[in-house]
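This note is intended for a colleague who is opening the structure for the first time. Please keep the sequence and the model at hand while reading the numbered points.

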Amino acid sequence: MTSKEVMVIGGGIAGIQASLDLASRGYKVHLVERSPSIGGRMAQLDKTFPTMDCSMCILAPKMIDCSHHHNVHLLSYSEVKAVKGSTGDFVVTVLRKPRYVDETKCTGCGICAEHCPVEVPNEFDEQLGTRKAVYMPLPQAVPRAMTIDKNNCIECGLCQKMCQAGAVDLKQELREEDYNVGAIVVATGFDVFDASQIPTYGYGRYKNVITSLELERLLCASGPTGGHLIRPSEGKIPRKIAFIQCVGSRDRRFGTTYCSSICCKYSVKDAVLIKEHEPNTMVTIFYIDMRAFGRGFQEFVNRAKSEYGVRFVRSSPGEIMEDPASKNLRIWYEDTVAGRIENGEFDLVVLCPALIPSKGARELAKVLGAELDGYGFFKAADILTSPVDTTVQGIFVCGYALGPKTGDIPDSIMQGSATAARVAEVLERSV
Amino acid sequence: MKYAFFLGCLIPARELSYEVSVRKVLPELGVELIDMKGANCCAPFSIQSVNYDSWLALAARDLCIAEEMGLDIMTLCNDCYESLLMVNSLLKKNPELRDKTNQILSEVGKEYKGKVNVKNLVDVLYGDVGVAKVKNAIKEPISGLKVGAQPGCHLTKPKRIHFELLRGFNELDALVEATGAESIPYERKEMCCGGPLRDIDDDLARKVSREKLKALKDAEVQAVVTVCPFCFLQLDLGQLELKRHFNEEYNLPVIHFIELLRMGMGMKLEEWEVKAHRIPITDLFKGRL
Amino acid sequence: MAEEEPRIGVFICHCGVNIGGVVNIPEVVKYAKTLPNVAYAEANIYTCSEAGLTSIRENIKKQGLNRVIVASCTPRTHEPLFRSACREAGINHYLFEMANIREQCSWVHQHQQERATEKAKDLVRMAAARATWLEPQEEPELEIKDTSLVVGGGIAGLTAALSLANQGFKVYLIEKDPELGGNLRKLNKLYPTMQDTRDILEPALKAVKSSDKIETLLSTTVSDVKGYVGNFKVTLAKGEEKRDVDVGTIVVACGAAAYTPPKGLYQYGEYPNIMTQMQLDEILREDKVKKAPERVVMIQCVGARKGEIRAMDLAGFPKSDTARLLAKILRAKKEEGWPYCSKICCMNAIKNSILVKEKFPQADVMILYGDVRVYKEYEDFYSQAREAQVKFVKHIEEIPPEITQTPEGRLAVVAYDALSGQEIRLPCDWVVLSTPMIPHKEEVLLARLLKIPISSDGFLMEAHVKLRPVDTQMDGIFLAGAASGPKDVPESIVSAKAAAARAGTLMANKKMSTEALTSVVNEDECIGCGLCEEICVYGAHYVEEGVSHTIAALCRGCGACAAECPRRAISMQHYSDEQILSQVKAALTGES
Amino acid sequence: MSELDLGFMSEVAGTPRGSGILLCIQCGRCSSGCPVARLTNDHNPRRLMEMIILGLKKEVLPTQLPWYCLSCFTCLDRCPQGGDVGDVMFAIRNLAVKHGNMPAGVAAQAKALYETTRVINPVRSALDKRESMGLGKLDTEGLEEVKKILKKTEMDKVISST
């Protein structure tokens, strides 16, 4: 018999879109998210091109729709452990990790966090800001419930004392729950290439060499600096900023031979945002090929040049050297169009690292019995004709879990909806 | 520990003091060196530039001699090291190339089998003797001396090959520190000395070494420690040339690492050896000479 | 004034530091409490968060509120959320009003905090003034027909039709040409798998033909569209004969055309050996090459990425013969074309370059590019071409390549290779121009019929370029494939399935409730002049028996008719004159 | 304006150590890290790769261009495509030599190798010192074999031609 329920794995924008489409279609959706809140990568971004909407502002309503929709069953802080069965009749075992806080009681008032004595770097802010051991990763978290991070908790019990709702429950334990679903949608997104693997760029050694995702947090009004773009070294406002493309992308040495598809675009966007923050900042983008493909992007690049005076240099710099005293960075590069080897001093350097398969993609694929492609992303059954089918019937995939096939947010959303269509096709046929 | 000792061309021809110190020091550390009879030039940069097959065959011939001796090779010169190391790894990995090369070698009744490894003085001291043992051998530590270590290009590059050997990149520093001296980090540490351009474009060669020397000066080191005889020549003799051509004085004493170690072990340098340094080292090493 | 005494609750949002960092929120809260009819006011860190919404629900009950104001961000993204909170607490959600103190205040007055706070107060006061006059509204429920019309029989249309059919819906699939297949019929092979287009097309065509849920109508176009979401009445035209179909949703998959360079651009049309990639596809497909070419030169971005050239683009450009350079720039400026990057041309050129290399291994194939935009895994496809010894030459906008001839009358391309700083002469046998995908002319017509806006680049516009890529501003009409911008086959298929999902979701629910924000005609005042019918772009007005009527489901509440009406006989529900005028008064006089 | 040699790139790609040319995406990491390129605009490994790709044979092989490289292999470590620029340099030097382009210094070393099995002739003083220290003579037992190898690999021709 066919189950009319669906499991969506991953609560980023792709997973959210798939869930909402499926739920509105009338299917019961179990949305599994590994971290304490849904939202994914899009929640970390500052603004999005070309409407320059604040990313969180257009995402939050969709996140909340998920939490309100009568057909969406949110399983946050949970992971898929095992899958049995086949199309129309899967049994999925989900690990419910203990958050040591009762979701149904917690109002997310945050008083516990105020009193928690333990401060640790906040993953959501790419380690730039801090959070407490009892925390909510982002203010608009869904579900709006605190989580206690036991690795850092010193079990002083203050949170429990302070919580009026009596939501803290330190005795919570890891549970396993089984769900019978007709189809599965994978939307596990991406992780970011570790830029320190390219030692000549000094990421990890030089304070003022940061990644683009860190930059998004620094630009974001609700980020660790309240939206003030300042240098990690001493908090000065950077006046000369460089972006370096293809850090790990288009690179055979790490097996990441593909183009990550989004770096050129968001760099131009960020460059313009920076110019709007601090008009007299000099921004230089070092690129190999300016991949401003798709609607409006070429025009945007032209505007960035002419209206905002962003400097584009066709070059992949060879190395970065830090001045130990000023913590400024000297970039050695060749302007390949002028054919000149040059070097320039910058206050802040933003590396644009490759996007790589998310941690756990490989294990999940094993659990699902789905094949991965050469890079470790989920393999489409047929990249031309069945772009959102995995190699397993009844299991579909969308968003960056498919790899750089996904250009950007709209692509993720289209794929999310497309999986909804495929699920509907499968479940309606097997009536 | 026993090695086929590959002397190379430059050392016996120009830098005898290097060889002498090696022959004095290594036995003290329990390393036995057996000369390679009938060995030929490793086929360095210049020869590789002329003919690929000659390079493979010449290097392979040396490897064969070591195979006959049943010993791993120890080189002093980075050029020898790079050439023998690369050919060894090429032939080990690529059967076609090996057959092609063996065909040439058959002319001289030799066959490469790929049974030995190629090591450099630093590999031997760091990997086989061990830093601890080196430290123990130090009787008169070179304390208070700030030096800039110049590993030389082919000790660490290309990493493609050296990663296979799982080597680290700060081995020379560790050994220098073991003698009691302080190894100061400096910009362009991995940069070339300019040596390979000697006799091709002397002016450029000088300009490259000048960059290196500037960086060392900026780091305020008292001396430069080299492993490769080419680096030594280029940085030591090079300073005289820079004086002549650009009228710049650096006065940076340059010494072979093995000499530093030797002095640390309490073995004094003789006068002719001291004289082998164009930039005088007498003030720096008073009482050790 | 509404019959029951208004009790307004005001919820003011910090939006983290977005608003709270500029506007003095506690002061605004204090002020709000002083306003007439305001029974309650509070501040929230994020009113849109669960906590904020919960507080709205609870206070509606606790304080007996019958009007709610949220002063925060834009209604565009957040109004539905707060409205549902009101609904859940049992008050009609048209009794909700929003004041935008972020986009219209804190964000634009970051450096004038006191004055921003004053403006926030003004906005709240205005909202309160209007809220006082708000009235509950009903949202009529609509039937949704479970039949769909797919316009366009290319790969996107075929995919959408099949998906909808598989989801169990009846589909009319119309195609303006006498056969299905669209651009795929003209193409040879598909990158990066190099499959024959037939391998992709045939199965789709077979499936469509064999599906009992799909009715295919060839040589057919849309001649008229009436009705609205769930109940479209579409008139189809096949030559002279017309036919009406009733459908619940429409999927627009009218595709895109390939740009044909004007005669003379790169001497196109003057030599048979100067062709477009599309033509090369055909040549390779038909396998009608007589003599193997010695050299093939492909030129990218012909008629694409044609932004104007600015002096600063020349910075760092090696000084050469300036006069010649300037002449070329001027010429480049005159060249007509489209501003955007067509996205698929790089891969398409690489595809053909590899095919040429396979057919004629001796041929020297060169691709003259501005940027190699092989995004995604297509980077590997680019490597494949380089390993096949295809040569890539970067030219710069300022010096476009020129077509000349050798003394022997052979074609020769003169190009400036920016990466070697050399001007090179390439005697060659074929010149292949990579031209962008551009909007169909028919599309513009269709857009007018369907009342979908067209974006600056000429393609059909999505409802929201980031969040709603396959929806349009017209409920029930969706976009699939290249109709909304250049797409390759997999991208077209994904968007088609997405459109099918969105349409399917709508139809599966069989019903939907619409906005109450519509125009109402005061029949006593109306003289039936028909001005409203004339100016309404949504066709929501019609005059019958001397009186104008509103089709609620079509009316978008834009208010044009109300403004136009000479007798002031039309008013807008939820935007009544009282509501707006009291708001204006509050703004100007500072009183409520 | 330069005429191009259609086959030059494949010629280089066909030589041992030359295949890297096909991987080049002209990113410029090699040139910006190259110690020589920083000192003189005459040398630019990235540009040299482009010239090979285009087929500017006449502008490359007979000139000084192949001989600026130090083979310090910095580029080998940095090329994101694993293009082994430094190896390609050896490939074009081999071709340059075939075209009779070989610096005197290199020729001298080749000659010395052919005559003594070593590329550098020892200075008198060094030889004396050796003896006085009982370090033993520098043997040339390998000479015949070396000559055979150089003949077999046709390097002797190059040597005699200089």
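1. A:Phe243 counts as buried because 28 C-beta neighbours lie inside 10 Å of it; the term applies when 20 or more other C-beta atoms lie within 10 Å of a residue's own, while 12 or fewer make it exposed, anything in between makes it partly exposed, and C-beta atoms are placed from the backbone. A:Phe243 belongs to strand β16 of chain A, residues 240–247. Strands (E, at least two residues) and helices (H or I, at least four) are DSSP runs, numbered from the N terminus.

2. Which residues does A:Phe243 touch, leaving aside those up to four places away in sequence? They are A:Ser267, A:Ala271, A:Ile285, A:Phe286, A:Val350 and A:Cys352. A contact here requires that the C-beta atoms of two residues, placed from the backbone, lie within 7 Å. A:Cys264 is 21 residues from A:Phe243 in sequence, and their C-alpha atoms are 9.5 Å apart in space.

3. Residues are numbered from 1 along each chain as its sequence is written, and chains are lettered from A and ligands numbered from 1 in the order in which they are written.

4. Confidence in chain C deserves a comment. Its average pLDDT is 90, and 94% of the residues score at least 70; pLDDT is the predictor's confidence in each residue, from 0 to 100. Residues 308–334 of chain C, however, have a pLDDT below 50, and this stretch makes 31 contacts in the model beyond near neighbours in sequence. Where pLDDT is low, the predicted coordinates should not be read in detail.

5. Chain A is divided into domain 1 (5–97 + 174–189 + 358–429) and domain 2 (194–354), with bounds that come from an automatic or database domain assignment. Taken over C-alpha atoms, the centres of these two domains of chain A are separated by 31 Å. In the contact between them, domain 1 of chain A contributes twelve residues and domain 2 of chain A contributes 19. The domain 1 side consists of six nonpolar, three polar and three charged residues. Nonpolar means Ala, Val, Leu, Ile, Met, Phe, Trp, Tyr, Cys and Pro, charged means Asp, Glu, Lys and Arg, and the others, Gly among them, are polar.

6. The contact of chain C with chain D takes 13 residues from chain C and 16 residues from chain D. In chain C, α11 (378–387), β19 (391–394) and β22 (422–428) each supply at least two residues, and β22(C) gives the most, with four. Seven charged, three polar and three nonpolar residues make up this side of chain C. Chain B and chain C, in contrast, do not touch, and their nearest C-alpha atoms are 21 Å apart.

7. Chain C has 592 residues, of which 49% are buried, and it contains 16 helices and 30 strands. Helix α13(C), residues 489–508, has 20 residues and reaches 28 Å from its first C-alpha to its last, close to the 28 Å expected; the expected span is 1.5 Å times one less than the number of residues. In α13(C), 19 of the 20 residues are buried. C:Lys510, which follows α13(C), has a positive phi near 65 degrees.

8. Strands β12 (231–238) and β13 (241–247) of chain C run antiparallel and are joined by seven bridges; pairing requires at least two bridges found by DSSP. C:Lys233 stands opposite C:Asp246 of β13(C). The two strands form a hairpin with two residues between them, and C:Gly239 in the turn has a positive phi of about 60 degrees.

Technical notes: This is a predicted model: local features need pLDDT of at least 70, side-chain atom pairs count only at pLDDT 80 or more; totals for chains, interfaces and linings use all residues.
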